[in-house]
Amino acid sequence: MVDLDSEVPPLPPRYRFRDLLLGDQGWQSDDRVQVEFYMNENTFKERLKLFFIKNQRSSLRIRLFNFSLKLLSCFLYIVRVLLDDPTQGLGCKELNRSCSINQNYTPGTIDWSPIIWVNRSLPLWGLQVSVAVISLFETLLLSYLSYKGNIWEQILRIPFLLEIINAVPFIITIFWPVLRNLFIPVFLNCWLAKHALENMINDLHRAIQRTQSAMFNQVLILISTLLCLIFTCICGIQHLERAGNRLTLFDSLYFCIVTFSTVGFGDVTPKIWPSKLLVVIMICVALVVLPIQFEQLAYLWMERQKSGGNYSRYRAQTEKHVVLCVSSLKIDLLMDFLNEFYAHPRLQDYYVVILCPTEMDAQVRRVLQIPMWSQRVIYLQGSALKDQDLLRAKMDDAEACFILSSRCEVDRTAADHQTILRAWAVKDFAPNCPLYVQILKPENKFHIKFADHVVCEEEFKYAMLALNCICPATSTLITLLVHTSRGQDCQQSPEQWQKMYGRCSGNEVYHINLEESTFFAEYEGKSFTYASFHAHKKFGVCLIGVRKEDNKNILLNPGPRYIMSSTDICFYINITKEENSAFKKQEKHRKNHESKLSYHGASRLPVHSIIASMGTVAIDLQDTGCRASSGATLALPPDGGKEGRRPSIAPVLEVADSSSLQTCDLLSDQSEDETTPSDDEVSAGLEYAKGYPPYSPYIGSSPTFCHLLHEKVPFCCLRLDKGCQHNYYEDAKAYGFKNKLIIVAAETAGNGLYNFIVPLRAYYRPKKELNPIVLLLDNPLDDLLRCGVTFAANMVVVDKESTMSAEEDYMADAKTIVNVQTLFRLFSSLSIITELTHPANMRFMQFRAKDCYSLALSKLEKKEREKGSNLAFMFRLPFAAGRVFSISMLDTLLYQSFVKDYMISITRLLLGLDTTPGSGFLCSMKITEEDLWIRTYARLYQKLCSSTGDIPIGVYRTESQKLATSESQISISVEEWEDTKDTKEQFSYRGNHRNSTSSDQSDHPLLRRKSMQWARRLSRRAPRHSGKTAEKINQQRMNLYRRSERQELAELVKNRMKHLGLSPAGYDEMNDHQNTLSYILINPSPDTRLELNDIVYLIRPDPLTYVPNAAPSRKDSFCNTVGQDTREETQL
């Protein structure tokens, strides 16, 4: 066996632990050489150069000392002039005792002795000599230290020559005392002082590591140049006129100011030619030097106008300002920000500092020159990645910083990367500045989790598109809620729907502490639903959520079991916040309403119905069994069908009786259609479970409890148009889906699509209402037909990223608009939901060039915009109906968060992006024929709060828009004649529903006569009598033309379907929505009458909140037996 210890060599002494402690002495015998670096800097010259030139602080001190010496020499010269008397002739007596000064001055002769000789006292001469010696020594030393091999370059410099002229004569007088009274032009030291001042400013910038603006430096140079010119001229004229008028310094100052200002009074003028020559020379110098200085100043001023200058530190500390960081500033983005930001009263005194790396374009410049904005908006051209630009914007003193992404970039990921770097730079420079960041891609969101508020565009976009398929016009609802409006839009219109729609659009979300509120203080200790109903009944406000004092999470409609506390923060929807409201008691009006809405006694309803009215989910009042969450119908009470008696509604209890409360557990799936799967579902293997998705597409996505498949579907089966070994289907109809499809037309399947799928698969959606989702990455006609567009419920068109950037900004939506118009013409019955880049392009959706009503709405939009409305586009029919929206309209959500820090959280809860335990969700219910007994919105509110615990927040209403083509019933259009059968069905259907007056009248063929007349007034182009006849004829011709065009398009689609082997049976080309208009009423008044087919937006309590304590054990056992084994394989 080999001895391993003998093979390992011993360590050298210097690596032993003992030698490390005691010191290794063996290194002294090594061949080591100690090297000293930078020996050239140890020389005497280098040390002097380091002290006088290289070192910023010591160099600054030297410059300051030199500047002081020059100012002192100029001051001594002024003292000498004030003490001098030119009549004494001291200089002549010293040279020649026989010389005398001629006191009688005659023109044409010049006595040079007063010019050459001056009266200089001995102490003054000693001070001037001392200053001259020090200055000369310093000049020679600096010339020696800055010498680089060319001595003439040092000698011929103007500062060096001036120093020689001013210092050497004084040194000569030391050795030749007779020249002690010789005149020396010491006043030229002012130019050396100017030169020293410029060097001192440069060294100051280097020493404190801060760069002053070039504008400040240039102004300083200009002022110092002008002062030096005036001082030189004053001293020169005064000295030369010693042989002439013998002017004082003040007279010389007066003469120079009058001369340089081009006034020229002529009362003081030079008498001898040397002084006249000096004036000519100084004027020539001024004409050369000053224009150059002014030109440089003007250039810097123009550059400063482009770059924006600085926001002063004094203003930043005494005034409040926010900073807006963008990569490129467009006029639409700017106006949206300014209008929304300054819409809040408490922000009127704030300043907005815009930090943008690009130069201001002409439109932005014109807007910022308007007095309303020029006093409050400051534009700075600079980058957020540079500390000096952040310092210019005084980011560390800002109240907030808004960082917006450029959505018009071709590469949106690159735009996000720029936003992330800006956020990092701002956080590094100003850690305490609140950050409001807009990001485009959800996968980039986790990089900026430190920001105070983040809005991810694709998250909100896809979530709104998904909810539009379930709750119509959710995008319009959210857009109106996050915009600031006073509800005064279109109040002068003759159209009733426009008045109601405009007034209700002013509703926003506000917050207040319960104990400080007049609205909600009396409901302390009562249930949430009780407080919400009675606050709406009494004040017309809609209480939608609360937040506990010790909890940051907001709860939307926590349900009847939640008891209101005095420390709760209440969130409500109203036209204005409570602090801006005045309260007037109306006792008589209130008593009338109480008598109408009062409860008529417990004997009117069975006991089990009263107990069911306190339930937490949708319960049939005639049966205490559980129902599906979406199957809520406002069933008529058993005793409410008697004639002559108005049906009663159970009251909303102050506190829910938990002992007698019979809860329903949605997770148990007790409905028959869910617990007993059909044969088709069993054969297809569609077995659902409820749980969290096992995989997250990006970091930062909120986990959502939703419907999942037990087994993972193979990837090959995801292709709808291609068969595989598992199935042979090649089109959507072959799958035999029970529910209608939802088609998503997108350019790519990005991570944001996750937020479209999850709300449609949320756990509170009944299984029978889960619509199949088809992703269409390209939309030629053949693919549209294969994916089932003819029987789809909704088609969602997502704006293509590749077309968001265009040479002309508003052309970015051109391809999307034309494609949607094609779909609209080919499949008129299809509900199309479109996303656009620019809100202004919404007017082109479902465009009808000769539609009088659309033209009238166009003129209405222009009038509202001229009045200053921020929501002028809201009256466009596609937007009001929720068929189109622009994600840029949600920019105001980020702006509002500065005042309402809860708006992003509430919006995410409404859209289903976040799920908080105990918080409700947004859903909807449709008013059917059986529900019209409710009659008013207030009774609906009471019915929902007392039965299901739901909180209604608005109504989506659809009205008929059949414009009368003639003014008599005798004239019948061709289209009405061909659709006689449909018309008869409508009349018979209308005869059975007289409970709602407006709904009955909306179907009448002459209802829209006033609307048509109003539209004609706004768009009339011809004389009155001839216009009516021509319009009738034109309308009939258009109906014939439209009919033939539709038939042609229908034949095209049917032939193509036959060519692809598809059955054209499901294609109905004549069923369209062209004759209807839809709009939203947010938080309507309690006396608003319900109409048939109204869709009510509800915030339903979280079903998981009311699961009994024993229920989770049952579910846990189910999950343990089934879910744990399949969790990793579960897919949406």
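This is a predicted model: local features need pLDDT of at least 70, side-chain atom pairs count only at pLDDT 80 or more; totals for chains, interfaces and linings use all residues.
Between which two strands does the loop that holds Asn557 lie?

Figure 1. Asn557 is placed in the loop between β9 (555-556) and β10. Its phi is about 45 degrees, a positive value, although Asn557 is not a glycine. Most residues other than glycine have a negative phi. The relative accessible area of Asn557 is 0%, so this residue is buried. Lys394 is likewise a residue other than glycine with a positive phi, here near 50 degrees. Lys394 belongs to the loop between α18 (387-392) and β4 (400-403). Because its relative accessibility is 8%, and buried means under 20%, Lys394 counts as buried.

**Figure 2. The salt bridge between Asp84 and Arg80.** Side chains of opposite charge can pair when their charged atoms come close. A search of the whole structure finds 17 salt bridges. In one of them, the side chains of Asp84 and Arg80 meet, with 3.0 Å from N to O. Asp84 has a relative accessible area of 11% and is therefore buried. Arg80, at 3% relative accessibility, also counts as buried.

**Figure 3. The salt bridge between Lys461 and Glu835.** The side chains of these two residues meet at 3.7 Å, N to O. Lys461 lies in helix α20 (residues 457-470) and Glu835 in strand β16, so the pair ties together parts that are 374 residues apart in sequence. Lys461 is buried, with a relative accessible area of 2%, and Glu835 counts as buried at 1% relative accessibility.

**Figure 4. The salt bridge between Glu508 and Lys900.** The closest N and O atoms of this salt bridge are 2.9 Å apart. The pair links distant parts of the chain, 392 residues apart. Glu508 is in strand β7 (residues 508-513), while Lys900 is in the loop between α34 (891-896) and α35 (903-911). Glu508 counts as buried at 2% relative accessibility, and Lys900 counts as buried at 4%.

**Figure 5. Strand β15 and its paired strands.** Strand β15 (residues 792-797) is mostly covered, as five of its six residues are buried. Strand β13 (residues 741-745) runs parallel to β15, and five bridges join the two. β15 also pairs with β16 in the parallel sense, over three bridges. Val796 of β15 can be followed on both sides: Val744 stands opposite Val796, and Ile833 is the bridge partner of Val796 in β16. In a regular strand the side chains alternate between the two faces of the sheet.

**Figure 6. Two charged patches on the surface.** Arg843, Lys859, Lys862 and Lys863 gather in a patch of positive charge on the surface. Arg843 is found in the loop between β16 (832-836) and α32 (852-866). With 36% relative accessibility, Arg843 counts as partly exposed. The other patch carries negative charge and consists of Glu515, Glu516, Glu524, Glu549, Asp550 and Glu579. Among these residues, Glu579 has its place in the loop between β10 (569-574) and α24 (587-597).

Note on methods
Residues are numbered from 1 along each chain as its sequence is written. Side-chain values use heavy atoms; hydrogens and water are left out. Patches are made of residues with over 30% relative accessible area and no salt bridge: like charges are joined within 9 Å, nonpolar side chains (Val, Leu, Ile, Met, Phe, Trp, Tyr) within 5 Å. Accessible areas come from the Shrake-Rupley method with a 1.4 Å probe; for residues, only the protein chains shown count as cover. A salt bridge is a side-chain nitrogen of Lys or Arg within 4 Å of a carboxyl oxygen of Asp or Glu. Lys and Arg count as positive and Asp and Glu as negative; His and the chain ends are not counted. The place of a charge is taken as NZ of Lys, CZ of Arg, CG of Asp or CD of Glu. Helices (H or I, at least four residues) and strands (E, at least two) are DSSP runs, numbered from the N terminus. Buried means under 20% relative accessible area, exposed over 50%, partly exposed in between (1.4 Å probe, protein chains only). Two strands pair if DSSP finds at least two bridges between them.
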